[in-house]
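The questions below concern strand pairing, helix packing and aromatic contacts.

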Amino acid sequence: MTANAPSLTAQPLRFIRLPEVIATCGLSRSSVYDAIKRGSFPAPVPLGGKSVAWLSSEIDAWMVDRIAARHA
């Protein structure tokens, strides 16, 4: 396991595709990709060919950070 690899003990790794990312976080497709460009949203993981997916744990962490920023 590399230093940047997520911890396998925290929660099982789960890839989610764009429709689920949109449904989970409430952003539109264009907002997701704009936020990725700005570096304020998790980047997708290439799965091969043109397929990409996001780690559900990274999307969850992004939402927790957004909630925390609301109270800052």
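Q: Which residue takes a positive phi in the hairpin of S2 and S3?
A: This is a predicted model, in which local features need pLDDT of at least 70, side-chain atom pairs count only at pLDDT 80 or more, and totals for chains, interfaces and linings use all residues. Residues are numbered from 1 along each chain as its sequence is written, and side-chain values use heavy atoms, with hydrogens and water left out. Strands (E, at least two residues) and helices (H or I, at least four) are DSSP runs numbered from the N terminus. The hairpin of S2 and S3 has two residues between the strands, and the residue with a positive phi near 60° is Gly49.

Q: In what order do the three strands form the open sheet?
A: Strands pair if DSSP finds at least two bridges between them; three bridges join S2 (residues 45-48) to S3, while two join S1 (residues 15-16) to S3 (residues 51-55). Pro46 stands opposite Val52 in S3, and Phe15 stands opposite Leu55 in S3. S1 and S2 are the edge strands, each pairing on one side only. The pairing is antiparallel and the order is S1-S3-S2.

Q: At roughly what angle do the axes of H1 and H2 cross?
A: Axes are lines fitted to C-alpha atoms, for helices over the stretch in contact, with angles running from 0 to 180 degrees between N-to-C directions. The axes of H1 (residues 18-25) and H2 (residues 29-38) come within 10 Å, and the crossing angle is roughly 90°.

Q: Which residues in H2 do Leu18, Val21 and Ile22 in H1 meet?
A: Contact here means heavy atoms within 4.5 Å. Leu18, Val21 and Ile22 lie on the H1 side, and their partners in H2 are Arg29, Val32 and Tyr33.

Q: How are the rings of Tyr33 and Trp54 arranged?
A: Rings of Phe, Tyr and Trp (its six-membered ring) pair if their centres lie within 6.5 Å, and planes under 30 degrees apart count as stacked, over 60 as edge-to-face and the rest as tilted. The centres of Tyr33 and Trp54 are 6.2 Å apart and their planes are at 65°, so the pair is edge-to-face.

Q: Which parts does the aromatic pair of Phe41 and Trp62 tie together?
A: Phe41 and Trp62 form an edge-to-face pair, 4.9 Å centre to centre with 70° between the planes. Both Phe41 and Trp62 are buried (under 20% relative accessible area, whereas exposed means over 50% and partly exposed in between, with a 1.4 Å probe and protein chains only). Phe41 and Trp62 are 21 residues apart in sequence, so the parts tied together are the loop between H2 and S2 and helix H3 (residues 56-70).
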